[in-house]
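I opened this notebook to keep track of what I looked up in the model and in what order. The entries follow below.

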Amino acid sequence: MVTVVTFLAVHFASSSQGCGFFCGPASGQPVSHSQQFVDTKWGFVIDYGGSQLTINQADPTSDSADFLAEDVNGNTVGEITITAMRATNTQQAVKAALRDFSGNQFQDITPVEAVPGAEIGLIPGEGEGYSANVVSTDGSTDIPVGIVILASTHGNVTLLAEMWSETDTSGDAPFYLSTDQSFDYVLTDLHFRTG
């Protein structure tokens, strides 16, 4: 698959409060059909919207959990992967993770800017945003996408969030990710088991 990159303008609302990467107004009710993934190896718990996200890799003894965002027709429009590892430098973890997006699916990735207020599970961290185009599976069209990579460290565990999504330029979501609220729900509500 060949990818062409398009630079996208980015709009962020300034805020000093933590909020994953989306600082929008309180939207009321939690995500419908909320489900939970519990990682038994690293001890993190992810709440996710079952109607907006489908778990793609659900092994509770692994290092990561992968979720697909789908449109009403069941087409994949985004993906978010949360990976745990031994504590490491968060900035280096973000830079190293960019390699996961290179190759055939994502090429010529363009940096946009650092993610202000980056955090996972309300744990302050580092983050970078990028823009790209993904060529459709039949090669007929280029689909603009945003890529965001975040890392936070809690005790002796570093969490890495890697996500991409088709873009929606009509709103004010960060990097115009069309799946911003579903992804932010995962990022904000992630927590570690107690006891």
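**Entry 1: cavities.** How many cavities of 30 Å³ or more does a search of the whole structure find? I found 1 cavity of that size, where a cavity is, on a 1 Å grid over the protein atoms alone, a set of points where a 1.4 Å probe fits but cannot get out. I took its volume as the space filled by probe spheres set on the points, with grid points joined across faces, edges and corners, and the largest cavity holds about 40 Å³. Its lining, meaning residues with an atom within 4 Å of a point, consists of Gln91, Val94, Lys95, Glu126, Gly127 and Glu128. Helix 1 and strand 8 each give at least two residues to that lining; helices (H or I, at least four residues) and strands (E, at least two) are DSSP runs, numbered from the N terminus.

**Entry 2: provenance and confidence.** I note that this is a predicted model, in which local features need pLDDT of at least 70 and side-chain atom pairs count only at pLDDT 80 or more, while totals for chains, interfaces and linings use all residues. Residues are numbered from 1 along each chain as its sequence is written, and side-chain values use heavy atoms, with hydrogens and water left out. The pLDDT, the predictor's confidence in each residue from 0 to 100, averages 80 over the protein, and 78% of the residues score at least 70.

**Entry 3: Glu128.** I returned to one of the lining residues, Glu128, which sits in strand 8 (residues 123–135). Glu128 is partly exposed, with a relative accessible area of 23%; buried means under 20%, exposed over 50% and partly exposed in between, with a 1.4 Å probe and protein chains only. Leaving out residues up to four places away in sequence, Glu128 touches Val94, Glu113, Ala114, Val115, Ile147, Val148 and Ile149.

**Entry 4: strand 4.** Is strand 4 (residues 64–70) enclosed or open? I found 6 of its 7 residues buried, so strand 4 is largely enclosed by the rest of the structure. Strand 4 pairs with strand 3 (residues 53–57) in the antiparallel sense over 4 bridges, where pairing requires that DSSP finds at least two bridges between two strands. Strand 4 is also joined to strand 5 (residues 76–86), again antiparallel, by 7 bridges. Leu68 is the bridge partner of Thr54, and Leu68 also stands opposite Glu79 in strand 5. The hairpin of strands 3 and 4 has 6 residues between them, whereas that of strands 4 and 5 has 5, with Gly74 taking a positive phi near 85°.

**Entry 5: aromatic pairs.** I searched the whole structure and found 4 aromatic pairs, counting rings of Phe, Tyr and Trp (its six-membered ring) with centres within 6.5 Å, and calling planes under 30 degrees apart stacked, over 60 edge-to-face and the rest tilted. The ring centres of Phe37 and Phe44 lie 6.3 Å apart with planes at 45°, so the pair is tilted, and both residues are buried. Ring pairs also link Phe101, Phe106 and Trp164 into a cluster.

Technical notes. Contact means heavy atoms within 4.5 Å. On a 1 Å grid over the protein atoms alone, a cavity is a set of points where a 1.4 Å probe fits but cannot get out, and a pocket is an open set with protein on both sides within 12 Å along at least five of seven lines; lining residues have an atom within 4 Å of a point.
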